[in-house]
Amino acid sequence: MANLFLIHAIVMIVAWVILLPAGAMVARFCKVTWRQNWPHVIDNLFWWRVHRALQYSGAAMMLVGVLIAYRATGRVPLEMLHVQAGLVVLFLVLMQIVSTWFRGSKGGPSDMGADPARPETWRGDHYDMTRRRQMFEEWHKTFGWISVGIALVTVLLGLQLLNWPLGLSWLFIGLLALQAGLFAVLLRMSRRIGTYQAIWGPDPTHPGNRRDRP
């Protein structure tokens, strides 16, 4: 049983200190890559593919970790703070996945069925930045980072339950320091162009670029 708890801890560290934070950083900082000639080159799908791969891989690893923990205990010990926090994180991750089903249509001149010469065919929730799309983005971005924060606390609570195993504790600290350093570098070096302009460019004729103008 002790081995199962250690495996659970390793799986959760991989999910929540490597995969999911990395996926969030790719979405935050890599919508336009360093060598991309933006705005002449737009809609680079690199960030989308990597973000989706990392997030789904991380979510799958987390579910494996949950199953391992359940196998080790045979129940859900709700009296434990670690378990309570873990269930909150699990709920938020599932809601993140579900929220992507309600993000609405894309739209824009390159969307399927659109005629680049006829702007009236470009309609879509994302291109028009409808209220539906705005709500999705606010939820997805805000609670994505909140999930990572709560998960890191949950991992710490789990390591405490295991009496701070030396190897895992140092692994957690090292990976956390690496992610923090990477975040700082990206914060300094990335162009941090938002999703809308990364896809369609900064032209003010696009409705999403006019949304915040007086």
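User: What makes the space of about 1000 Å³ a pocket?

Analyst: In this predicted model, the largest pocket holds about 1000 Å³ of space. It is called a pocket because, on a 1 Å grid over the protein atoms alone, a pocket is an open set of points with protein on both sides within 12 Å along at least five of seven lines, whereas in a cavity a 1.4 Å probe fits but cannot get out. The volume is the space filled by probe spheres set on the points, which are joined across faces, edges and corners.

User: Which residues line the largest pocket closest to its centre?

Analyst: Trp47, Trp48, His51, Phe136 and His140 are the closest of the 38 lining residues, a lining residue having an atom within 4 Å of a point. Helix 5 gives the largest share, 9 residues.

User: How many helices and strands are counted in the protein?

Analyst: There are 8 helices and 0 strands, where helices are DSSP runs of H or I with at least four residues and strands are runs of E with at least two, numbered from the N terminus.

User: What share of the protein counts as buried?

Analyst: Of 214 residues, 40% are buried, that is, under 20% relative accessible area with a 1.4 Å probe and protein chains only.

User: What are the numbers of positive and negative side chains?

Analyst: The protein has 21 positive and 11 negative side chains; Lys and Arg count as positive, Asp and Glu as negative, and His and the chain ends are not counted.

User: How do you know which residues the values cover?

Analyst: Local features need pLDDT of at least 70 and side-chain atom pairs pLDDT 80 or more, while totals for chains, interfaces and linings use all residues. Residues are numbered from 1 along each chain as its sequence is written, and side-chain values use heavy atoms, without hydrogens and water.

Notes:
Buried < 20%, exposed > 50% of the residue type's maximum accessible area, 1.4 Å probe, protein only. Charge placed at Lys NZ, Arg CZ, Asp CG, Glu CD.
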